[in-house]
Amino acid sequence: MRDWMDGMVALAINALEERGMADIFYGTVTSASPLQITVEELKGSLSASQLRVAGHLTDYQTEMLVEGKRQKVTVYNHLNAGEKVLLFQRRGAQQYVVLDRYS
């Protein structure tokens, strides 16, 4: 599943770069709450008000089959200080989308 997701991320990056629709940045989470991400290329930090975080990088609830029974489970996957992240910025906008972690 992770290989599929990595492939989809690569396709999205290529499409956005080719069309000149977005800039791609790499950042480091400096604070989890409130969320703050440092981006070296920008020579500064982005605050929570400038960031939109993909759902899979948050804590969320989902349903799973556990021993044949449908159960609601909580997935704890929020961003933590020190993690490296991939960000998209639509050209001309001041909003950034945190797309995924990277190592």
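User: How many salt bridges does the count come to by this rule?

Analyst: The count comes to two salt bridges. The model is a predicted one. One of the pairs joins Glu-63 and Arg-70, and another joins Glu-83 and Arg-101.

User: What makes Glu-63 and Arg-70 a salt bridge?

Analyst: The closest N and O atoms of Glu-63 and Arg-70 are 3.1 Å apart. A salt bridge requires a side-chain nitrogen of Lys or Arg within 4 Å of a carboxyl oxygen of Asp or Glu, so the pair of Glu-63 and Arg-70 qualifies.

User: Why is Arg-70 called exposed, and why is Glu-63 called partly exposed?

Analyst: Exposed means over 50% relative accessible area, buried means under 20%, and partly exposed is in between. Arg-70 has 64% relative accessibility and therefore counts as exposed. Glu-63 has 46%, so Glu-63 counts as partly exposed.

User: Why is the aromatic pair of Phe-25 and Tyr-96 called edge-to-face?

Analyst: The structure holds two aromatic pairs. In the pair of Phe-25 and Tyr-96, the rings are 6.0 Å centre to centre, with 65° between the planes. Phe-25 lies in strand E1 (residues 22-32) and Tyr-96 in strand E8, so the pair ties together parts that are 71 residues apart in sequence.

User: Are Phe-25 and Tyr-96 buried or exposed?

Analyst: Phe-25 is at 9% relative accessibility and therefore counts as buried. Tyr-96, at 4%, also counts as buried.

User: What makes the pair of Tyr-26 and Tyr-102 edge-to-face?

Analyst: The ring centres of Tyr-26 and Tyr-102 are 5.1 Å apart and the planes stand at 75°, so the pair is edge-to-face. Tyr-26 in strand E1 and Tyr-102 in strand E8 are 76 residues apart, and their pair links distant parts of the chain. Tyr-26 counts as partly exposed at 41% relative accessibility, and Tyr-102 is partly exposed with 33%.

Definitions and conventions:
Residues numbered from 1 in each chain as written. Predicted model: local features only at pLDDT ≥ 70, side-chain atom pairs only at ≥ 80, totals over all residues. Heavy atoms only, no water. Buried < 20%, exposed > 50% of the residue type's maximum accessible area, 1.4 Å probe, protein only. Phe/Tyr/Trp six-rings, centres within 6.5 Å; stacked < 30°, edge-to-face > 60°. Helix = DSSP H or I, 4+ residues; strand = E, 2+ residues; numbered from the N terminus.
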